[in-house]
Amino acid sequence: MGPGQTSNLRRVAVVGAGLGGLSAAIHLRLRGFDITLYEAGEQVGGRANRISEGGFTFDTGPTLLNYPWVFEQLFADAGKRLEDYVELLPVEPSIRYLWPGGESLGLTSNLIGLVREFQRLEPGSGPGLFAFLDDAAEKYRFSFDKMVCCNVDNPLRWLGALTPREMLRSGIWRSLDRELARFFRSPLIREALGSYGMYLGGSPHRLPGIFSILPYGELAMGLWLPRGGIYGLVLGIEKLAREMGIRILTRQRIQRIIQRAGAIAQLEFADGRIEDWPLVIANVDVPTVQHRLLAGDGYRPPKPLKMTPAVMTFYWGVQGEIGGAGHHTVFMPQDSARAYHELIVRHRIPEVLPFYMSIASATDRALAPPGASTVMILVPLPQPAHLQGIDESRLKDDIRQRVLDRLGQHRIEIPRQAIVMERIMAPAQWGERFGLFEGSAFGAAHTLFQMGAFRYPNRERGVRGLYYTGASTTPGTGLPMVVLSGRMTAERVCSDVC
Ligand SMILES: Cc1cc2nc3c(=O)[nH]c(=O)nc-3n(C[C@H](O)[C@H](O)[C@H](O)COP(=O)(O)OP(=O)(O)OC[C@H]3O[C@@H](n4cnc5c(N)ncnc54)[C@H](O)[C@@H]3O)c2cc1C
């Protein structure tokens with residue numbers, strides 16, 4: 001490459017200012033690239049957005065923050081300290097699971113409290129719990145060292161990095177449920193620890209056992225709430241990016257990514273403007289880029305990926321405190337296997353709806369007016385294509401009623417007249433607003449053949465100079481993962497052009 005080309009290649013456009021896009025921009029800026037970030041929405045953050053109304057402040061999407069080390073590392077890489085930008089408040093006890101039959105399980109990072117909770121559901125489970133923590137700690141260590149954070153596209157090289165002991169311990173060949181069954185007899189404990197499946201796009205009976213590192217990570221490192229909500233973290237990262245000289249332009253929708261002869265060429269904006277770019281990082285959902293933004297120009301998209309479910313989310317400003325519930329509560333179905341089958345295999349609305357409730361004002365009082373509460377409800381639903389023919393406003397009414405009825409069953413009373421403000425985002429709105437393929441809330445599913453070296457890589461196979469970052473590429477979905485994804489994409493770009 002000639003010297004003239006070098007300076008041209010150091011200009012990068014990042015399309016989308018979700019946390020993946022912001023992280024990629026920061027890591028590329030650290031490597032000397034000149035970055036312009038184009039975001040379609042009015043503000044940065046993507047799915048991690050904010051709703052403010054009548055003194056109530058809600059996070060739109062993510063509400064559980066784990067793996068704080070990932071965010072500390074992002075700031076440390078830039079020579080800064082996370083705590084100078086964002087205050088993290090511990091959420092302790094972290095999460096409570098409730099079943100229709102009245103059983104419950106509370107998770108906490110306090111070991112004595114945790115043993116007590118597990119013993120309540122499964123007497124004698126103490127040694128199993130310690131063995132689980134020990135096993136998952138090792139798995140967590142080698143997964144992050146060798147499997148999660150590396151740009152390896154060849155499955156043999158990816159798995160070959162593990163020692164024979166690590167390969168056996170990885171649990172990759174077993175289901176998550178079978179992995180958990182090595183330590184716990186109680187189906188309720190297994191259901192709770194396996195409930196991440198709803199967000200990973202598979203039942204714990206099908207997802208690989210290596211995902212036992214998720215409940216472990218939460219137990220070992222806790223759950224956190226940035227002051228001001230998750231959006232407090234987004235604002236801290238945006239501030240860092242702007243201080244580093246990254247140009248962030250909002251209300252800039254890209255409607256076409258133009259490639260010529262297999263190489264990135266231009267970006268076409270919704271207002272018809274066209275700009276030349278030698279390097280583009282798309283933070284837009286990978287299959288949305290492949291099936292919509294790159295369409296035409298002789299580009300042949302790969303087979304669509306298997307996607308995670310959609311969601312309907314409710315944001316309620318509620319007068320008064322809400323008794324009987326802490327910050328995070330998961331309402332489990334009576335028959336988990338059936339609910340997964342209905343939602344993920346048959347694409348139906350489960351008969352007994354599983355859902356999640358966040359009362360962030362329980363941890364940060366400033367998120368609601370004095371004496372009031374913020375309630376966010378997340379209900380996993382089939383993707384919009386499978387909801388066709390169902391009237392959306394009737395669906396919202398039906399789901400709201402089912403949620404309120406279920407809360408009532410657990411004596412968590414939220415009278416309708418106490419809900420003084422309500423906003424709802426239906427599956428189709430999530431899809432349209434953030435460009436989510438098939439309206440899938442969490443991106444590409446994490447089945448064995450869509451993880452690690454099998455997952456769609458962060459470099460577009462059919463277009464030189466086009467890279468990806470975010471939930472549908474490596475390593476996967478969730479705030480820490482997309483921040484790591486941004487770093488991995490920057491490393492990938494550098495290994496190609498630096
Ligand atoms: C309801 C919900 C709850 C969740 N809960 C949690 C949780 O508790 N904890 C957790 O860790 N994770 C959670 N997640 C997952 C997490 O939110 C995502 O994995 C993560 O935010 C994705 O970040 P991203 O950078 O990949 O993409 P996004 O956040 O989707 O960002 C992509 C950006 O690209 C922009 N864009 C799209 N198309 C264009 C275009 N054509 N031109 C310009 N810009 C464009 C979008 O506006 C958006 O800002 C949740 C997700 C949802 C939906």
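The model is predicted: local features need pLDDT of at least 70, side-chain atom pairs count only at pLDDT 80 or more, and totals for chains, interfaces and linings use all residues. Residues are numbered from 1 along each chain as its sequence is written.

**Whole chain.** Show the protein chain as a cartoon: it has 17 helices and 19 strands, where helices (H or I, at least four residues) and strands (E, at least two) are DSSP runs numbered from the N terminus. Its radius of gyration is 22 Å, close to the 23 Å of the globule rule for 498 residues, so the chain is as compact as a globular protein of that length. The radius is taken over C-alpha atoms, and the rule is 2.2 Å times the number of residues to the power 0.38. Along its principal axes the C-alpha trace spans about 70 × 55 × 50 Å.

**Nonpolar core.** Next, select Ala25, Ile257, Val280 and Val379, which touch the most other members of the largest nonpolar core, a set of 142 residues. Such a core consists of buried Ala, Val, Leu, Ile, Met, Phe, Trp, Tyr and Cys residues joined through C-beta atoms within 7 Å. Helix α17 (residues 479-497) contributes the largest share of this core, 8 residues. Centre on Val280: beyond its neighbours within four places in sequence, its contacts (C-beta atoms, placed from the backbone, within 7 Å) are Ala13, Val15, Ile257, Ile264, Leu267, Gly465 and Leu466.

**Asn458.** Finish in the loop between α16 (427-434) and β19 (466-468), where Asn458 sits. Asn458 counts as buried because it has 27 C-beta neighbours inside 10 Å; the cut-offs within 10 Å are 20 or more other C-beta atoms for buried, 12 or fewer for exposed, and partly exposed in between. Not counting residues up to four places away in sequence, Asn458 touches several residues, including Asn151, Tyr467, Ser485 and Arg492. The C-alpha atoms of Asn458 and Ser472 are separated by 9.2 Å.

Methods:
Contact = placed C-beta atoms within 7 Å.
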